[in-house]
Amino acid sequence: MQDLGDVELGEHNKLRLNIWDYGGQRIFQSFQHLLVVRRAVYLVVFDMQAFLDNPAKSYSFLDFWLHTIFIHAKASNPSKNFKDKGAPIFLVGTRGDQVKKPQKRAKISELLKSRYADLLEDQLVTNTEGDLFFFPVDNTSSEEEELKRFNDLRSLTEQSIVTDKLPPLLADGEPIPYVNDPVPIPWLNFIDELRKISSERKDKDGNIDDEYEPQPYLRTGLVPSTSADLDSDESAAETAMKIAQRCKVFEGIASEAEKKVRLEIVLKDLHELGLLIFFNSNESLKSYVILQPQWLMDQICYIIRGEIF
């Protein structure tokens with residue numbers, strides 16, 4: 001599993017996406033749901049030739065991913081008058097150079113449709129131009145027709161994001177495209193401060209400061225520390241709560257309890273955007289926020305592979 005960085009779509013209003021490449025190996029499936037969030041679009045890629053040769057094996061792969069997205073990529077703050085359809089999903093078939101005949105592609109489409117149409121009726125983006133349930137591609141070809149398929153898929157991906165609607169984060173109003181959901185200035189300042197902590201520091205000449213070690217995680221300050229914590233000296237340790245306070249995220253909020261509620265909202269929102277990892281389902285998880293998602297994935301992979309880290 002690897003963070004492939006950002007990509008900007010659109011010519012005028014820039015849309016920046018954080019791209020993650022999930023490993024398809026079964027051994028990694030136990031933790032990949034950690035990065036499955038609602039504010040995203042998912043391209044589930046499968047091998048068309050392998051699907052025709054061994055449908056059962058391909059179904060096993062597709063079943064896992066499609067059910068994982070169906071379960072986890074739902075709105076965390078649903079409105080009373082809004083039924084969330086879930087994050088958009090594209091089924092993308094590779095090996096277009098091996099499966100060229102329209103009859104074979106049509107057969108794959110029918111098999112996929114009969115298995116997943118009911119489950120993904122609202123989430124799946126279908127290939128209306130090709131009259132298929134999926135999007136076949138051939139990344140070995142530079143022919144104009146094949147390049148058009150890629151460009152069409154890219155455009156549909158962008159369109160599915162900019163039109164995807166969710167209830168406003170801080171109000172129970174009408175659903176709006178979440179890319180247009182305004183972010184308060186203090187929240188942006190808070191994000192910048194977290195990035196400073198978790199990123200390499202450079203001098204004015206662009207040289208990396210070797211003495212500074214970026215922090216991959218941070219105590220939230222939502223839960224009192226204990227002697228068993230990684231940093232139990234709460235008075236000296238920097239916390240997300242202290243940074244948020246300095247950035248005026250709690251402007252107009254006097255109650256400490258309400259401040260904690262607001263911080264949880266902010267951290268969950270940043271989690272949904274793929275900028276960090278934060279879970280608040282229990283007190284232990286709520287104690288820390290992971291500032292570098294790739295760092296957490298690497299540590300888990302080291303354990304699975306039996307390596308020392």
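## Helix α2 and its buried side

In helix α2, the buried residues are S58, Y59, L62, D63, W65, L66, T68 and I69. Here buried means under 20% relative accessible area, exposed means over 50%, and partly exposed lies in between, with a 1.4 Å probe and protein chains only. Helices (H or I, at least four residues) and strands (E, at least two) are DSSP runs, numbered from the N terminus. An α-helix has 3.6 residues a turn, so residues three or four places apart point the same way.

Helix α2 covers residues 55-72, which is 18 residues. From first C-alpha to last it reaches 25 Å, close to the 26 Å expected at 1.5 Å a residue; the expected span is 1.5 Å times one less than the number of residues. What do the buried residues of α2 pack against? Their partners are β3, α1, β4 and α3 (102-116), where contact means heavy atoms within 4.5 Å.

## About the model

This is a predicted model, in which local features need pLDDT of at least 70 and side-chain atom pairs count only at pLDDT 80 or more, while totals for chains, interfaces and linings use all residues. Residues are numbered from 1 along each chain as its sequence is written, and side-chain values use heavy atoms, with hydrogens and water left out.

## The protein as a whole

The protein has 309 residues, and 41% of them are buried. Its secondary structure comes to 9 helices and 9 strands. Among contacts with a separation of 6 or more, 58% are between residues 24 or more positions apart.

The accessible surface is about 18000 Å², and carbon and sulfur atoms account for 50% of that. These areas come from the Shrake-Rupley method with a 1.4 Å probe; for residues, only the protein chains shown count as cover.

## A parallel sheet

Three strands make an open sheet with parallel pairing, in the order β3-β4-β5. At its edges lie β3 (42-47) and β5 (135-136), each pairing on one side only. Two strands pair if DSSP finds at least two bridges between them. Strands β3 and β4 are joined by 6 bridges, with D47 standing opposite T94 in β4. Between β4 (residues 89-94) and β5 there are 2 bridges, and V92 stands opposite F135 in β5.

Helix α4 (residues 144-162) packs on this sheet and touches β3, β4 and β5. The direction of α4 makes about 165° with that of β4; axes are lines fitted to C-alpha atoms, for helices over the stretch in contact, and angles run from 0 to 180 degrees between N-to-C directions. Why is β4 largely enclosed by the rest of the structure? It is because 5 of its 6 residues are buried.

Q49 sits in helix α1 (residues 48-53). Leaving out residues up to four places away in sequence, Q49 touches R95, Q98 and V99. The C-alpha atoms of Q49 and K104 are 9.5 Å apart, although 55 residues separate them along the chain.

S287 lies in the loop between α8 (283-286) and β9 (288-290). Is S287 buried or exposed? S287 counts as buried, because its relative accessibility is 6%. Apart from neighbours within four places in sequence, S287 is in contact with L218, R219, T220, G221 and V223.

## Cysteines

How many disulfides are there? The count is 0, taking a disulfide as a pair of cysteine sulfur atoms within 2.5 Å. C247 is buried at 12% relative accessibility, and C301 is buried with a relative accessible area of 6%.
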